[in-house]
Amino acid sequence: MYDAFFALHDGLPRQSPGSDSTTRRLLSLAGPLPSRPRVLDLGCGPGRASLLLAAEAGAEVTAVDLHQPFLDELTEAADARGLGGRIRTVRADMAGLTGPAFADGSFDLVWAEGSAYCVGFDTAVRDWQRLLAPGGSIVVTECAWTTDSPSAGARAFWDRNASLRTVAGNTAAAVEAGCHVVGVLVQPDSDWDEYYVPLAERAAAADPSEPGMPEALAATREELEVRRLHGSEYGYAGYVLRPHDPRWRTRPETAADHEAVRDVVGAAFPTRDEAGLVDALRTDPGAWLPGLSYVAEAPDGSVTAHALLTRCHVGEAPALALAPVATAPAHQRGGAGRAVVRAVLDAARLRGESLVLVLGHAEYYPAFGFAPASRFGIRPGFEVPDEAMMALVLDDSVPVPEGTIRYPRAFGV
């Protein structure tokens, strides 16, 4: 059946749901890369992502797959496009990446579209971190439930073929494995068509008399039928992940941290107003959200940075305000502030929040995915430079509200 399966799949443009548009969007979420990034494309198949990354990101791509015909197809396509010098193919098992080609810290980006299931999402996220250079990211797509109560028919199929979780479940697993979730992209239904339409055409033309082909065709037709009947219950999502900075331990604040937080915030700003703001927000039950006030600790256990998310609104829709963010002067520019912001944003994502707003430095916050709020039709109720008022969409399946931001009373605006 192995040979029959690959006979059905050889020469198809994709081996999992995806599109060039989705690859570009995931690449954009990964943020700025070095001028000639080193990319490891795992389970590359015929290499559609490898070709795009080499051509559009200027990447030096190491493309890995176990099926040599896929690698041969990629090599031929790369040569035809003048990208042969940028793409190196390696026949290897992604579960056993050893040797100099896969040394620790060798890549700026580890890419895996539709292939992590071969080793398991959790294992992939945990084990592939070692391959990244400082500041590097993992981009992985994975099938997930898009409903909390899948039907018996959908569950019966997937329980036999893969262990699906919800997007939120995969996000939580990535955080548990030691990664910050830079972004999540639920792929459009059209990504399935790019995979299934050519596959269905190939299945219709296949010769059922070939050895193993009846079984391969039966499995393929079942998969296509389950998608037709239950496609609204599951889908692919892409996750852009960055390992936590090991220098800083982050956690929710406790009551014992209040004085240390007050000292850090007070020292980080010219006046004590921001420290007073934190204290005032703690007493506002409509604004304070337990578990969304985070601290970063130095190796000696002292609190070195703090980041706070509280409830605000855009019109009548709930959102979060990120403010203040503070790092003790002795630790500024050392990564503690970035670590605590990433941690509190992960906590918000795991709570199911969908939108975060920040008024801050336009050079700093875009690294976390923030963009001008005006792009979404969101505006503050006071005059600020457009580039300073920013928004981060945590869940793009939720419509982004438009309107004026309403802050908690303690902000005084």
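## A helix pair and a pocket

Helix α7 passes helix α12 in a left-handed crossing (the near helix is turned anticlockwise from the far one by less than a right angle). This is a predicted model, where local features need pLDDT of at least 70 and side-chain atom pairs pLDDT 80 or more, while totals for chains, interfaces and linings use all residues. Residues are numbered from 1 along each chain, and side-chain values use heavy atoms, leaving out hydrogens and water.

The axes of α7 (residues 167-176) and α12 (residues 336-351) come within 9 Å and cross at roughly 155°. That makes α7 roughly antiparallel to α12 (an angle over 145 degrees). On the α7 side, the contact (heavy atoms within 4.5 Å) is made by Ala168, Thr171, Ala172 and Val175, and on the α12 side by Asp346, Arg349 and Leu350.

Helix α12 turns up again at the second largest pocket: α11 (273-282), β11 (317-327), α12 and β12 (355-359) each supply at least two lining residues. The largest share, 7 residues, comes from β11. About 980 Å³ of space lies in this pocket. Its lining has 32 residues, and Phe269, Val325, Ala326, His361 and Tyr365 lie nearest the centre.

Here's how the two sets of residues split by class:

Methods
Axes fitted to C-alpha atoms, helices over the stretch in contact; angles between N-to-C directions. Helix = DSSP H or I, 4+ residues; strand = E, 2+ residues; numbered from the N terminus. Parallel < 35°, antiparallel > 145°, perpendicular 65-115°, else oblique. 1 Å grid on protein atoms, 1.4 Å probe; cavity = no way out; pocket = protein on both sides within 12 Å on 5 of 7 lines; lining within 4 Å. Points joined across faces, edges and corners; volume = space filled by probe spheres on them.
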